[in-house]
Amino acid sequence: MPEQYKSATDLERAPVIGPGYTFGTVTEKISAIVLTRPATNGWFIGFGIAFMLTMMLLFALGYLFLKGVGIWGVTIPIGWGFAIINFVWWIGIGHAGTLISAILLLLRQSWRNSINRFAEAMTLFAVACAGIFPAVHVGRPWLAYWLFPYPNTMRVWPQFRSPLMWDVFAVSTYATISALFWFIGLIPDLATLRDRTEKRWLKIIYGMLSFGWRGSARHWHRYETAYLLLAGLATPLVLSVHTVVSFDFAIGIVPGWHTTIFPPYFVAGAIYSGFAMVLMLAIPIRKIYGLEDFITERHLQNSAKVMLATGLIVAYGYGIEAFMGWYSGDRYDAFTLWNRLHGPYAMWYYSLLACNIFIPQVLWIRKLRTSPIALFFISGVILIGMWLERFIIVAVSLTRDFLNSSWGMYYPTRWDWMTFIGTLGMFLAAMFLFLRVLPAISIFEMRTLLPEAEVKE
Amino acid sequence: MKRDPIYGIMAEFDSAQALVDAAKKTHEAGYQKIDAYSPFPIEGLAEEIGFHRDEVPLVVLIGGLIGGCSGYLMQWWMSAVDYPLNIGGKPTHSWPAFIVITFEMTILFAGISAVFGMLALNGLPMPYHPVFNVPRFSSASKDRFFLIVFSSDKKYHALETRRFLEGLAPKSVSEVPS
């Protein structure tokens with residue numbers, strides 16, 4: 001922690017942008033990453049590994065299309081398995097991007113300006129990874145479009161009373177709105193890149209993508225209105241998406257799923273894992289590209305606080321689940337609790353408690369909240385913990401339902417793992433490319449943070 | 001109508017404050033058809049140049065209403081009229097189950113209207129525009145601020161307007177060819 005921050009309040013008031021920057025230098029510094037700085041060997045190695053993992057994903061999916069879902073570990077009674085675990089995990093990670101870009105915008109948290117762009121990109125890529133799983137999990141993925149209500153010769157329509165249909169609408173709306181929000185934010189920055197680049201073909205590409213943005217006061221006015229309204233729309237949307245995902249479980253009657261605590265605790269868990277992913281990306285990016293002046297200790301500290309708060313909500317969710325298992329008097333609920341603590345997956349449940357509840361409590365220590373390395377590892381632990389949470393919800397409940405004649409065990413196969421790790425590769429590959437072709441930090445919003453941007457009437 | 005070879009006269013400023021002050025003076029001097037360009041949104045600048053009607057919220061409202069109504073009607077028609085399925089005697093028109101998709105469709109349509117409505121009202125995409133003819137204008141997306149008086153303005157006069165803009169202490173003044 002640098003000397004100048006003597007107490008917690010000093011850090012609170014610390015500027016969200018380092019001293020000595022002007023409109024010009026902010027612009028140059030961020031656009032240089034895209035326009036002038038050459039790709040390093042480290043970038044090629046990182047992208048290469050991520051790209052190979054993406055190829056592994058395609059291989060695993062190709063084999064899946066040939067053989068069918070039998071190559072996975074899903075078998076009755078475990079019909080959902082890795083596909084749904086990973087879907088929920090990825091969708092949850094996406095939530096932090098929208099939270100940062102929309103909710104913090106409405107709350108006038110100006111520190112968001114330097115992390116919203118890549119957090120939104122993270123959202124898009126995470127939703128893309130998430131979308132793969134339900135689509136290939138339907139069994140005949142080439143018919144996945146049957147999920148949408150389109151006029152067809154079979155003269156049937158989807159069942160709108162099913163939460164799975166709600167999910168189709170929630171996730172596709174979320175993907176669309178996130179993409180629009182990301183793109184509308186990019187338009188002025190694409191105009192900046194158009195004006196900065198020396199290469200003609202880049203000028204044309206960025207010029208077309210920026211729609212010929214010229215920064216007219218009238219345009220800015222409508223732009224800001226649209227941006228604010230979009231933020232206002234995205235705020236209930238992001239809360240609804242994981243709520244609807246939790247309905248996939250909560251509307252069912254399986255013990256351990258059928259509970260009203262699911263929507264709030266799923267949303268909190270989503271933001272929890274999302275901020276962990278934001279930190280895992282932001283910490284290396286700020287280090288490698290020298291952006292410590294833009295993504296400051298205050299950003300890390302604030303993100304850590306959000307994780308701490310949402311983590312406590314998640315802990316409350318676990319507590320209520322356990323309490324209701326006992327208090328409801330329902331023997332199946334009580335057994336679910338007993339099974340989590342003593343059943344065949346007990347070790348995973350204890351790991352979950354350690355990763356999501358106990359280890360993140362070290363974030364109460366300010367020294368760790370401001371230490372990038374510590375935060376990086378704690379974020380990793382939280383991401384693992386949130387994945388375990390979905391594993392516990394899906395696998396533990398399905399392996400032990402009402403009749404012990406239908407009990408079973410869930411063993412993921414190598415294809416399950418290849419698909420999951422493959423999506424991690426795809427996510428990282430997309431992030432690597434994003435960093436090289438688009439401004440990873442919103443340039444025009446960073447300009448508004450400078451003191452010169454203030455205008456007196 | 002004969003097209004004026006000059007699109008307008010443009011003055012360059014180096015701070016947001018200077019631009020707002022200049023825009024205010026220009027508008028007060030009676031110029032109506034003016035515009036200001038800045039690398040980031042400046043609060044109150046649009047009002048200074050006489051922009052008061054922002055239709056984006058109306059577009060978003062209409063979009064949201066269309067989305068919500070069509071979302072609900074779609075589910076009602078598909079589930080209760082065209083393809084009614086009797087499942088355990090439950091009502092086919094079960095409105096509580098339709099709320100989620102109605103909500104999502106409202107957001108979807110409102111969001112799409114916000115983005116495309118904003119672009120359409122701004123007349124974008126427009127990759128070419130006369131102001132780009134001014135070489136120094138490329139800084140408008142970086143750290144410079146510009147004010148233009150269009151030649152279509154009633155009060156526009158090639159010499160007097162130029163003199164007026166020069167009186168606002170700009171960094172430079174240039175003619176914009178159309």
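Reader: Over how many bridges do strand β2 (residues 34-37) of chain B and β3(B) pair?

Author: The model is a predicted one, in which local features need pLDDT of at least 70, side-chain atom pairs count only at pLDDT 80 or more, and totals for chains, interfaces and linings use all residues. Residues are numbered from 1 along each chain as its sequence is written, while chains are lettered from A and ligands numbered from 1 in the order in which they are written. Helices (H or I, at least four residues) and strands (E, at least two) are DSSP runs numbered from the N terminus, and two strands pair if DSSP finds at least two bridges between them. Tyr37(B) has Phe146(B) as its bridge partner in β3(B), and the antiparallel pairing of β2(B) with β3(B) runs over four bridges.

Reader: Which residue of β3(B) stands opposite Met10(B)?

Author: Strand β1 (residues 6-13) of chain B also runs antiparallel to β3(B), and six bridges join the two. In β3(B), the residue that stands opposite Met10(B) is Ile148(B).

Reader: Which elements do the buried residues of α3(B) pack against?

Author: Helix α3 (residues 56-82) of chain B reaches 36 Å from its first C-alpha to its last, close to the 39 Å expected at 1.5 Å a residue, the rule being 1.5 Å times one less than the number of residues. Among its buried residues are Val56(B), Gly63(B), Gly64(B), Gly67(B) and Gly68(B). The buried residues of this helix pack against α4 (95-121) of chain B and α8 of chain A.

Reader: Which element gives the largest share of the side of chain A that touches chain B?

Author: Two residues are in contact if their C-beta atoms lie within 7 Å, and 52 residues of chain A are in contact with 59 residues of chain B. The elements that give two or more residues to this side of chain A include α2 (23-35), α6 (163-196) and α8 (217-250). The largest share, 16 residues, comes from α8(A).

Reader: What distance separates the centres of domain 1 and domain 2 of chain B?

Author: The domain bounds come from an automatic or database domain assignment, which divides chain B into domain 1 (6-53 + 135-177) and domain 2 (56-121). Along its principal axes the C-alpha trace of chain B spans about 80 × 35 × 30 Å. Taken over C-alpha atoms, the separation of the two domain centres is 44 Å.

Reader: Why does Phe427(A) count as buried?

Author: Phe427(A) lies in helix α15 (residues 414-437) of chain A. Not counting residues up to four places away in sequence, Phe427(A) touches Phe125(A), Ala126(A) and Cys129(A). Phe427(A) counts as buried because the number of other C-beta atoms within 10 Å is 23.

Key
Buried ≥ 20, exposed ≤ 12 C-beta atoms within 10 Å, placed from the backbone.
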